[in-house]
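Good morning, colleagues. Please have the sequence and the structure in view.

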Amino acid sequence: VMFNEDDIAKIPENKLHILRRRIGTVFQDFKLLLNRTVFENVALSLEVLKKSEAEIEKEVSEALEKVGILEKADYFPAQLSGGEVQRTAIARAIVSKPEVLLADEPTGDLDPKTAEQVVELLEAINKDGTTVLMATHNATIVNKFKKRVVHLKKGKIEKDQKEGKYEPD
């Protein structure tokens with residue numbers, strides 16, 4: 001797998017952290033810390049990067065505004081709806097302005113309307129310049145947005161369509 005000009009299999013172990021900083025990840029099960037607020041969950045990666053408090057305040061607020069939940073900054077994950085939890089996970093993934101966003105089944109446990117809103121949010125992030133790779137089994141979502149579809153089967157590319165249509169087996 002190539003990331004820009006780099007073969008990621010050849011990146012030394014002690015340099016992988018640099019690559020990881022250029023990639024945002026939205027996990028299927030969110031991976032939010034339940035004892036931290038929305039703001040604190042999103043701020044965590046910036047704290048690891050040793051950003052100043054002023055930078056963290058600004059960048060977290062911008063990310064929460066972008067995903068539409070700035071007013072929920074002081075809430076804990078247990079106080080949020082499924083869509084708000086997913087938006088928090090997306091904000092956490094984009095707060096450090098990654099080049100690539102990997103989203104693993106980001107609509108998996110959401111109702112159809114919320115799922116569509118989340119995909120529209122991912123599409124907006126893509127339009128802002130971030131490459132978005134989304135793994136999903138949801139043919140309705142894939143077909144509605146008419147994006148490139150790469151169909152994998154047992155780890156191998158089975159189909160690669162520029163403006164594909166997902167047709168499950």
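**Salt bridges and their surroundings**

Aspartate 128 and lysine 66 join their side chains in a salt bridge, 2.5 Å from N to O; by salt bridge I mean a side-chain nitrogen of Lys or Arg within 4 Å of a carboxyl oxygen of Asp or Glu. Aspartate 128 sits in the loop between α5 (112-127) and β5 (131-135), and lysine 66 in helix α3, so the pair ties together parts that are 62 residues apart in sequence. Aspartate 128 is exposed, at 54% relative accessibility, whereas lysine 66 is partly exposed at 37%. Throughout, buried means under 20% relative accessible area, exposed over 50%, and partly exposed in between, with a 1.4 Å probe and protein chains only.

Before I continue, a word on the basis of these values. This is a predicted model, in which local features need pLDDT of at least 70 and side-chain atom pairs count only at pLDDT 80 or more, while totals for chains, interfaces and linings use all residues. Residues are numbered from 1 along each chain as its sequence is written, and side-chain values use heavy atoms, with hydrogens and water left out.

On confidence, pLDDT is the predictor's confidence in each residue, from 0 to 100. The protein chain averages 89, and 96% of the residues score at least 70. Where in the chain is confidence lowest, and where is it highest? The lowest mean, 78, belongs to helix α6 (residues 139-145), and the highest, 96, to α3. Helices (H or I, at least four residues) and strands (E, at least two) are DSSP runs, numbered from the N terminus.

As a general point, an α-helix has 3.6 residues a turn, so residues three or four places apart point the same way. Glutamate 62 is partly exposed, at 37% relative accessibility. The pair also belongs to a network of salt bridges that links Lys58, Glu62 and Lys97. How many salt bridges does a search of the whole structure find? The total is 10.

A further example leads us to the strands. The side chains of arginine 148 and aspartate 160 meet in a salt bridge, at 2.6 Å from N to O. Arginine 148 lies in the loop between α6 and β6, and aspartate 160 in strand β7, so this pair ties together parts that are 12 residues apart in sequence. Arginine 148 is exposed at 56% relative accessibility, and aspartate 160 is partly exposed at 41%.

Strand β7 (residues 156-161) pairs with β6 in the antiparallel sense over five bridges; two strands pair if DSSP finds at least two bridges between them.

Leucine 152 is found in β6, which spans residues 149-153, and is exposed at 53% relative accessibility. Together with Val150 and Ile157, Leu152 makes a nonpolar surface patch of about 290 Å². Patches are made of residues with over 30% relative accessible area and no salt bridge; like charges are joined within 9 Å, and nonpolar side chains (Val, Leu, Ile, Met, Phe, Trp, Tyr) within 5 Å. The areas come from the Shrake-Rupley method with a 1.4 Å probe, and for residues only the protein chains shown count as cover.

Which residues of helix α2 (residues 38-48) are buried? They are Val38, Phe39, Asn41, Val42, Ala43 and Leu46. These buried residues pack against α3 (53-67) and α4 (82-94), where contact means heavy atoms within 4.5 Å. Just after α2, lysine 50 takes a positive phi of about 60°.

Phenylalanine 30, in the loop between β3 (23-26) and α2, has a positive phi near 70°. Phenylalanine 30 is buried, with a relative accessible area of 18%. Asparagine 4, in the loop between β1 (2-3) and β2 (6-7), likewise has a positive phi, near 55°. Asparagine 4 is partly exposed, at 47%.
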